[in-house]
Amino acid sequence: MALTGEVTGSFSKDKTGKVLQLNGDKASANFVQPPNASESLSNEKKDLESIIYKMTNSVNISPEALEGLGNMLATENAAFLFMLPHLKVMDKMSVYVPALKRRMSIVKSFFQLMNTGFRNSDLDAEPVITPYIINNEAKFYEMLMAVNGNQPLFSQKATMEKAGIKDVDKMQEEIKKETPVPAKEIVKILYNYLGFNNKSLY
């Protein structure tokens, strides 16, 4: 604090409730702000944030951190971006997997105790730890199709099931009804109706 003029009172002994009395027209009291205080605070915040990400092997995917890297999370480069956290997960699996197995053993014993149908059966369960990653399925399937000679990877039925359609057969029937019949098929139907030979179409 910067004091100007005659001042009565003090802040000694760290006691609260102290009052300073300023005497004179030119007397004043102002809090002194260190030079570049805001910049120092901002730098300290950035340093602490960087230390946190480095110590935890985490990836900073905030818009500010990814600025200038393009649409990196939407490409296959996302796997490289998350490589360090994934390696850390693999390193810690030797610790967490045995612990999860012990807990699962307790749960399985409880099931066998409470449900007689499980008592004579061996409940097969294994803990699976899946590291998080942002997947771009469109790019992944494009790569598979390129390797497969640009041939379809799934049947129409399988694709519709992946899309979440419950009654696939009903949906396929509706698509057939809504799909216009090709002109060649219409001519063939007409020729059959009139009794002409189908070979005359070719």
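Biologist: Which pattern does the chain follow when you read along the sequence?

Modeller: The pattern is β-β-α-α-α-α-α-α-α, which comes to 7 helices and 2 strands. This is a predicted model, where local features need pLDDT of at least 70, side-chain atom pairs count only at pLDDT 80 or more, and totals for chains, interfaces and linings use all residues. Residues are numbered from 1 along each chain as its sequence is written, and side-chain values use heavy atoms, with hydrogens and water left out.

Biologist: Why is Asn 57 called buried?

Modeller: Buried means under 20% relative accessible area, exposed means over 50%, and partly exposed is in between (1.4 Å probe, protein chains only). Asn 57 has 15% relative accessibility, so it counts as buried. Asn 57 sits in the loop between α1 (37–56) and α2 (78–81). Not counting residues up to four places away in sequence, Asn 57 touches Leu 84, Pro 85 and Lys 88, where a contact means heavy atoms within 4.5 Å. Phi of Asn 57 is near 55°, a positive value in a residue other than glycine.

Biologist: Where is Asn 150, and why is Asn 150 called exposed?

Modeller: Asn 150 is in the loop between α4 and α5 (156–162). Its relative accessible area is 59%, so it is exposed. Asn 150 also has a positive phi, about 60°, although it is not a glycine.

Biologist: Which residues of α3 are buried?

Modeller: Pro 85, His 86, Val 97 and Ala 99. The cover over the buried residues of α3 includes α2. Across the 202 residues of the chain, 8% count as buried.

Biologist: What makes Glu 126 and Lys 101 a salt bridge?

Modeller: The rule asks for a side-chain nitrogen of Lys or Arg within 4 Å of a carboxyl oxygen of Asp or Glu. Here the closest N and O atoms are 3.7 Å apart, so the pair qualifies. Glu 126 lies in the loop between α3 and α4 and Lys 101 in helix α3, so the bridge ties together parts that are 25 residues apart in sequence. Glu 126 is exposed at 51%, while Lys 101 is partly exposed at 41%.

Biologist: How many salt bridges does the structure hold?

Modeller: It holds 2. One of them joins the side chains of Asp 169 and Lys 157, at 4.0 Å from N to O. Asp 169 is in helix α6 (residues 168–178) and Lys 157 in helix α5, so this pair ties together parts that are 12 residues apart in sequence. Asp 169 is partly exposed at 45%, and Lys 157 is partly exposed at 38%.

Key. Helix = DSSP H or I, 4+ residues; strand = E, 2+ residues; numbered from the N terminus.
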